[in-house]
Amino acid sequence: MVNTTKFIRDLWALLRPYWQSEERRSAWLLLVANIALTLGMVYMTVLFNQWYNLFYNTLQDKAKAEFFHQIGRFCVLATIYIVIAVYRIYLNQMLQIRWRRWLTDRYLRDWLADRNYFRMQLKGNGTDNPDQRIAEDFRLFVDESLSLGLGFLNAAVTLGSFVGILWWLSGPLEIPLGGTTYVVYGYMVWVAVGYAIVGTWLTHKIGKPLIPLNFNQQKYEADFRFNLVHLRENSEGVALYRGEEDELRGFRARFAAVVDNWWAIMKRQKLLTSFTASYNQAAVVFPFVVGAPRYFSGAIQLGGLVQISNAFGQVQGALSWFIGAYTDFASWKATVDRLTGFRKAIFLTQEESRSGAGPAVVPDATIDELVLLNLEPGLPTGRVLLSGINACIGRGERVLIKGPSGSGKSTLFRAIAGIWPFGTGQVRLPRGFRALFLPQRPYFPIGSARQAVTYPAPPEAFTDAQVRAALSAAGLDHFADRLDQQQNWAQQLSGGEQQRVAIARALLHRPAWLFLDEATSALDEPSQARVYQVLAEWLKDATIISIAHRSALTDFHSKLLELKPDGDGRVRMIASGAPGAGSMRLGAESRDLVCDRK
């Protein structure tokens with residue numbers, strides 16, 4: 001009961017937002033239209049049931065004129081039924097795509113907001129393959145929710161429409177027992193109820209394992225697809241390592257999980273299908289067997305027997321709706337569980353972000369310096385990576401950060417950017433903090449070369465002349481002729497070319513604060529020197545902070561921050577300043593911040 005209540009609460013949290021959103025009017029109109037058409041189809045089924053009685057009695061009486069009259073009546077009924085069926089599907093699909101569009105947009109915005117996607121990836125939060133949950137699970141959720149919901153409504157209305165008909169057609173059943181005759185009114189209704197209860201209970205017992213099996217199948221399929229995409233995105237690295245055999249082993253292992261789970265679904269599905277098929281086939285002849293005594297006694301005609309059979313089938317089918325829909329229900333339940341987990345992971349990440357998990361990033365309009373106060377970025381394991389970082393960096397300065405590999409240089413940048421959720425301390429951002437962070441491996445959207453250069457701004461944000469000038473300054477004159485080509489540029493460009501494109505982005509966006517994390521490591525030293533000269537010319541007033549290992553970059557920076565491990569396994573910061581450029585130093589013992597400006 002607790003699990004059921006929790007599931008209903010989680011399901012309501014998924015369903016409610018769309019029906020209370022800005023699209024609620026059109027959504028409810030489409031839903032009402034779908035319900036009306038569903039009720040219309042049930043009404044047409046009632047009319048067909050009445051037609052069966054008249055038509056088969058006409059055959060029994062061999063009334064030729066009435067026969068053709070009933071054929072004409074059937075054509076009219078069939079035409080109306082077809083129109084209702086067509087528009088029911090059409091409006092159902094319209095509601096599906098509108099609901100799915102809204103859900104996809106809503107969850108994409110929540111997933112991308114405040115860099116939740118990055119935080120969720122770092123922490124896990126129980127969200128494997130969020131791409132599949134957005135692209136596939138929402139489609140299944142909307143499709144199956146409408147299908148099951150309208151199917152249940154159809155079954156309920158059908159039951160209400162035909163149970164009275166079947167009760168009236170059944171007549172009384174006399175059962176002599178112990179010298180007393182017992183009369184059961186509407187006996188075929190009770191038979192249908194008992195038949196459906198037993199069938200539903202057995203179906204649930206047999207089919208219940210399908211819910212976790214379908215959940216796992218979606219996960220294994222997504223894992224396999226993700227690894228195929230991962231190989232495509234990293235094809236050069238695999239080719240250079242000649243890692244095809246290892247990749248093949250990995251693919252086979254992941255696809256083996258798909259196959260093994262599929263076999264388990266097949267076996268369970270076979271048992272469920274065997275039962276439901278037997279159940280449905282028995283339901284075909286069952287009403288004839290039960291109604292035959294009244295027919296042979298002359299109490300009813302052939303049309304009445306056929307009408308009883310049809311009405312029994314409708315009542316039994318409505319009561320047994322859960323049996324026929326169980327496979328779809330199992331798949332839908334697994335989808336709801338996956339989306340519920342995804343929604344909760346986003347909510348948890350948002351709560352952690354609002355609660356200030358990790359180093360605090362605080363805009364301060366009263367200062368002109370980037371201030372780091374007792375900054376101690378950590379790892380997801382809880383270990384402190386950098387210890388007691390205190391520093392201030394003034395506007396227009398050139399600062400080089402050096403340190404051994406793994407000392408936490410890149411993590412320091414992530415903390416300043418506000419995307420690192422582990423650790424303590426504070427980052428105070430100065431007024432006008434328009435920052436651009438260039439990682440060692442730039443990100444490239446799939447699209448035109450122009451999009452790649454202007455990212456994250458849209459291509460129309462810059463003129464053709466501005467884009468070409470930035471590319472030329474970054475040493476990519478040849479790339480200017482390919483601006484409108486559509487490619488996966490991360491695979492088309494060399495490492496050095498990718499880093500030059502990132503530099504061109506910086507020249508276009510002209511940030512007030514530029515952070516370069518090994519952003520020129522793929523360039524030779526002369527090319528690297530030219531890049532820094534261009535940055536100095538184009539971004540004269542900008543603050544440039546670089547992470548690098550090469551000593552040659554010292555010439556392009558006025559200050560040096562070094563990260564060095566101490567004896568207790570922590571990494572601390574040592575600062576020095578070039579003569580005449582101001583000073584930046586750290587208190588040796590207390591590590592208090594000292595910023596002196598000239």
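A residue is called buried when its relative accessible area is under 20%, exposed when the area is over 50%, and partly exposed in between, using a 1.4 Å probe and protein chains only. The legends below refer to a predicted model, in which local features need pLDDT of at least 70 and side-chain atom pairs count only at pLDDT 80 or more, while totals for chains, interfaces and linings use all residues. Residues are numbered from 1 along each chain as its sequence is written, and side-chain values use heavy atoms, with hydrogens and water left out.

**Figure 1. A salt bridge joins E23 and R101.** A salt bridge is a side-chain nitrogen of Lys or Arg within 4 Å of a carboxyl oxygen of Asp or Glu. Across the whole structure, a search finds 18 salt bridges. In the bridge between E23 and R101, the N to O distance is 3.3 Å. This pair links distant parts of the chain, 78 residues apart: E23 lies in the loop between helix 1 (2-19) and helix 2, and R101 lies in helix 3. Helices (H or I, at least four residues) and strands (E, at least two) are DSSP runs, numbered from the N terminus. E23 counts as buried because its relative accessibility is 15%, whereas R101, at 47%, counts as partly exposed.

**Figure 2. R338 meets both D137 and the ring of F215.** The closest N and O atoms of the salt bridge between D137 and R338 are 2.9 Å apart. D137 belongs to helix 5 and R338 to helix 12 (residues 326-354), so the bridge ties together parts that are 201 residues apart in sequence. D137 has 0% relative accessibility and therefore counts as buried; R338, also with a value of 0%, counts as buried. The charged end of R338 sits over the ring of F215, 5.6 Å from its centre. A charge sits over a ring if NZ of Lys or CZ of Arg is within 6 Å of the ring centre and within 35 degrees of the ring normal. Elsewhere, R106 lies over the face of Y107, at 5.9 Å from the ring centre.

**Figure 3. D364 and R428 form a salt bridge.** Their side chains meet at 2.8 Å, N to O. The two residues are 64 places apart in the chain, with D364 in the loop between strand 3 (360-363) and strand 4 (369-377) and R428 in strand 7 (residues 423-429). D364 is buried, at 13% relative accessibility, and R428 is partly exposed, at 23%.

**Figure 4. F55 and F67 form a tilted aromatic pair.** Rings of Phe, Tyr and Trp (its six-membered ring) pair if their centres lie within 6.5 Å; planes under 30 degrees apart count as stacked, over 60 as edge-to-face and the rest as tilted. The whole structure holds 33 aromatic pairs according to a search. The centres of F55 and F67 are 5.7 Å apart, with 35° between the planes. F55 is in helix 2 (residues 24-61) and F67 in helix 3 (residues 64-112), twelve residues apart. The relative accessible area of F55 is 11%, so this residue is buried, while F67, at 26%, is partly exposed. Both rings belong to a cluster linked by ring pairs, which comprises F48, W51, Y52, F55, Y56, F67, F68, F74 and Y81.

**Figure 5. W167 and W190 form an edge-to-face aromatic pair.** Their ring centres are 6.1 Å apart, and the angle between the planes is 70°. W167 lies in helix 5 (residues 130-170) and W190 in helix 6 (residues 187-207), so the pair ties together parts that are 23 residues apart in sequence. W167 is partly exposed, at 39% relative accessibility, whereas W190 is exposed, at 51%.

**Figure 6. The largest nonpolar core has 40 residues.** A nonpolar core is a set of buried Ala, Val, Leu, Ile, Met, Phe, Trp, Tyr and Cys residues joined through side-chain atoms within 4.5 Å. L438, L471, F479, L514, L516 and L535 touch the most other members. Among the elements that each supply at least two residues are strand 8 (435-438), helix 15 (464-473) and helix 18 (525-538). Helix 17 gives the most, with seven residues. Leaving aside residues up to four places away in sequence, F479 touches A449, V453, L471, W489, L493 and V501, where contact means heavy atoms within 4.5 Å.
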